[in-house]
Amino acid sequence: MPELPEVETTRLGLAPAVVGRRITRVVLRRPDLRWPIPPEIPALLPGLRVLGLRRRAKYLLMDLEPGSVLLHLGMTGCLRVLEPGVPAGPHDHVDLHLDSGQLVRFTDPRRFGCLLWQPGGEVHPLLRDLGPEPLGPEFDGAHLFRRSRGRSQAVKTFLMDQGNVVGVGNIYAAEALFRAGIAPDRPAGGIGRVRFNRLALAVKEILAQAITRGGTTFRDFQGPDGRPGYFVQELLVYGREGEPCLVCGSLLHGTRLGNRASVWCSRCQK
Ligand SMILES: [Zn+2]
């Protein structure tokens, strides 16, 4: 599943080809992805210039004058910039043609992604209750400390709650907790400021690192240039259950928290 670094990698790859361009034509090959695609999209977009391409959590917002196209890659979605004439396959659901001659193609075999419309001056309901961006200044140890008081929830589940901070998925939560030395099942409300400072820093470092490597996800993810992400080579705990900890050598445990697989080291993480 594309996580925040993959979405940011996609944004960085698309922006130079898209921003400042006019959309000339929209091809919808089906009426819905996870949700119906607003039927007015093919008539609304042509002629409009792309003013910017932003990311909020794992959503991409393509800003046009009357509003923004809101995109999510779901489990298996990808957005690529293509030269004209590349034949569409069965999972190529949307093409946005640009005045450069290129097109942006949205491919999504499992169709958990979405293409929606956010009118100018409004915030789409999907974006309303999101916590701060993990790489922004609002997200730090003090924020986690405040949000967690009185919470008995496991810290890993707490960290993956989009209301507390956006875009920290299972891989990055496991890795950040390992780097911060915090056991994933520890109640969030019992963790002190200093340890939360360490955790917030670990989240920022690991996401920034993953973005510079072009994302992580091994199975399906390819960047807009068709290259896979390479961060997987630097994962210390995720996917390594039963293997030796790379720091202390003891065997890594697998457990389930909030119905997600969690791998951790009981010697390095307390
Ligand atoms: Zn260890």
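**Charged pairs and a metal site**

R55 and E8 are both buried. Keep in mind that this is a predicted model.

Me: Which residue forms a salt bridge with R55, and how far apart are the closest N and O atoms?
Reply: R55 sits in strand β2 (residues 52-56), and its partner is 47 residues away in helix α1 (residues 4-18). That partner is E8, with the closest N and O atoms at 2.7 Å.

Me: Which parts of the chain does the salt bridge between R21 and D99 tie together, and how many residues apart are they in sequence?
Reply: The closest N and O atoms of R21 and D99 are 3.5 Å apart, and the cut-off for a salt bridge is 4 Å, so the pair counts. R21 lies in the loop between α1 and β1 (23-28), D99 in the loop between β6 (92-98) and β7 (103-107), so the bridge ties together parts that are 78 residues apart.

Me: Is D99 buried, partly exposed or exposed?
Reply: Buried would need under 20% relative accessible area, and exposed over 50%. D99 comes out at 38%, so it's partly exposed.

Me: Where do R213 and E234 lie?
Reply: These two form a salt bridge, with 2.7 Å between the closest N and O atoms. R213 has a relative accessible area of 34%, and E234 has 25%. They are 21 residues apart in sequence, and each lies in the loop between α7 and β9.

Me: Which residues do salt bridges with shared partners join into one network?
Reply: The model has 14 salt bridges in total. Some share partners, and the network they make consists of E8, R11, R55, R56 and E133.

Me: On to the metal: which residues are the protein donors of the zinc ion?
Reply: Their spacing in sequence is C-x2-C-x16-C-x2-C. Each gives its SG atom, 2.3 to 2.4 Å from the zinc ion, and the residues are C245, C248, C265 and C268.

Me: What arrangement do the four donor atoms around the zinc ion make?
Reply: Four donors count as tetrahedral if all angles lie between 85 and 135 degrees. The angles here are 98 to 114°, so the arrangement is tetrahedral.

Me: Is C245 buried or exposed?
Reply: C245 lies in the loop between α7 (193-212) and β9 (253-257), 23 residues from C268 in the segment after β10 (260-264). C268 is partly exposed at 24% relative accessibility. C245 has a relative accessible area of 4%, under the 20% cut-off, so it's buried.

Note on methods: Residues are numbered from 1 along each chain as its sequence is written. This is a predicted model: local features need pLDDT of at least 70, side-chain atom pairs count only at pLDDT 80 or more; totals for chains, interfaces and linings use all residues. Side-chain values use heavy atoms; hydrogens and water are left out. Donors are N, O and S atoms within 2.8 Å of the metal (3.2 Å for Na, K and Ca); water is not among the atoms, so sites may look incomplete. Four donors count as tetrahedral if all angles lie between 85 and 135 degrees; four count as square planar and six as octahedral if opposite donors are over 155 degrees apart and all others between 65 and 115; anything else is irregular. Helices (H or I, at least four residues) and strands (E, at least two) are DSSP runs, numbered from the N terminus. Buried means under 20% relative accessible area, exposed over 50%, partly exposed in between (1.4 Å probe, protein chains only). A salt bridge is a side-chain nitrogen of Lys or Arg within 4 Å of a carboxyl oxygen of Asp or Glu.
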